[in-house]
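Visitor: Hi! I've never looked at this one before. Could you walk me through it?
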Amino acid sequence: MGFAVHTTEMAIIIVGMMFMLIGNYLPTVSYQFEKQTHPFYRGTELSWNRTKRVLGKSFFFGGLLMLLIVLFSSKVAFGIMLSTLVIVIINVLKK
């Protein structure tokens with residue numbers, strides 16, 4: 001077509017949008033569906049609701065972060081991703 005397309009940026013945008021869609025859909029999955037698809041699941045309905053809520057937020061904000069990273073240069077994007085990973089690890093180890 002006569003113009004350059006940055007395939008890595010396009011791939012990051014598509015994956016980020018998919019993460020955001022999964023993050024929006026995940027909280028709507030019912031506990032009964034999980035019990036039917038994974039018969040060895042031993043968690044309670046309360047734990048499933050908390051887990052899917054946290055996972056949904058994580059997927060959504062992870063996808064949003066991926067979309068924002070496309071706007072920056074590769075060095076800045078690497079710094080953002082690395083600092084986000086460190087923050088997540090610190091929060092997980094606190095609990």
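Visitor: Where does Lys52 lie?
Guide: Lys52 lies in helix α3, which covers residues 45-69. Keep in mind that this is a predicted model.

Visitor: Okay, and is Lys52 buried or exposed?
Guide: Lys52 is buried: its relative accessible area is 11%, and the cut-off for buried is under 20%.

Visitor: What does Lys52 touch, leaving out residues up to four places away in sequence?
Guide: Lys52 touches Leu26, Pro27, Val29 and Ser30. With Pro27 there is also a polar approach: a polar atom of the Lys52 side chain lies 3.1 Å from the backbone oxygen of Pro27.

Visitor: Let's zoom out. How many helices and strands are there?
Guide: The protein has 4 helices and 0 strands. Starting at the N terminus, the order is α-α-α-α.

Visitor: And how much of the protein counts as buried?
Guide: Of its 95 residues, 15% count as buried. The protein exposes about 7800 Å², and 72% of that comes from carbon and sulfur atoms.

Visitor: Which residues make the nonpolar surface patch?
Guide: Phe78, Leu82, Leu85, Val86, Ile89, Ile90 and Leu93 make a nonpolar patch of about 710 Å². Leu85, for one, is found in helix α4, residues 74-94.

Visitor: Why does Leu85 count as partly exposed?
Guide: Its relative accessibility is 49%, and partly exposed covers what falls between under 20% for buried and over 50% for exposed.

Visitor: New topic: how many aromatic pairs does the structure hold?
Guide: The structure holds 2 aromatic pairs. In one of them, the ring centres of Phe19 and Phe59 are 5.3 Å apart and the planes sit at 65 degrees, so the pair is edge-to-face.

Visitor: Which parts of the chain does that pair link?
Guide: It links distant parts: Phe19 is in helix α1 (residues 7-25) and Phe59 is in helix α3, 40 residues apart. Phe19 is partly exposed, at 32% relative accessible area, and Phe59 is partly exposed too, at 28%.

Visitor: What about Phe60 and Phe61?
Guide: Phe60 and Phe61 form an edge-to-face aromatic pair, with 5.4 Å from centre to centre and 80 degrees between the planes. Phe60 is partly exposed, with a relative accessible area of 24%, whereas Phe61 is exposed, at 52%.

Visitor: One last thing: what share of contacts join residues at least 24 apart?
Guide: Among contacts between residues at least 6 apart in sequence, that share is 58%.

Methods: Residues are numbered from 1 along each chain as its sequence is written. This is a predicted model: local features need pLDDT of at least 70, side-chain atom pairs count only at pLDDT 80 or more; totals for chains, interfaces and linings use all residues. Side-chain values use heavy atoms; hydrogens and water are left out. Patches are made of residues with over 30% relative accessible area and no salt bridge: like charges are joined within 9 Å, nonpolar side chains (Val, Leu, Ile, Met, Phe, Trp, Tyr) within 5 Å. Accessible areas come from the Shrake-Rupley method with a 1.4 Å probe; for residues, only the protein chains shown count as cover. A salt bridge is a side-chain nitrogen of Lys or Arg within 4 Å of a carboxyl oxygen of Asp or Glu. Helices (H or I, at least four residues) and strands (E, at least two) are DSSP runs, numbered from the N terminus. Buried means under 20% relative accessible area, exposed over 50%, partly exposed in between (1.4 Å probe, protein chains only). A polar contact is a pair of N or O atoms within 3.5 Å; within protein, one must be able to donate a hydrogen and the other to accept it, and residues adjacent in sequence count only if both atoms are side-chain atoms. Contact means heavy atoms within 4.5 Å. Rings of Phe, Tyr and Trp (its six-membered ring) pair if their centres lie within 6.5 Å; planes under 30 degrees apart count as stacked, over 60 as edge-to-face and the rest as tilted.
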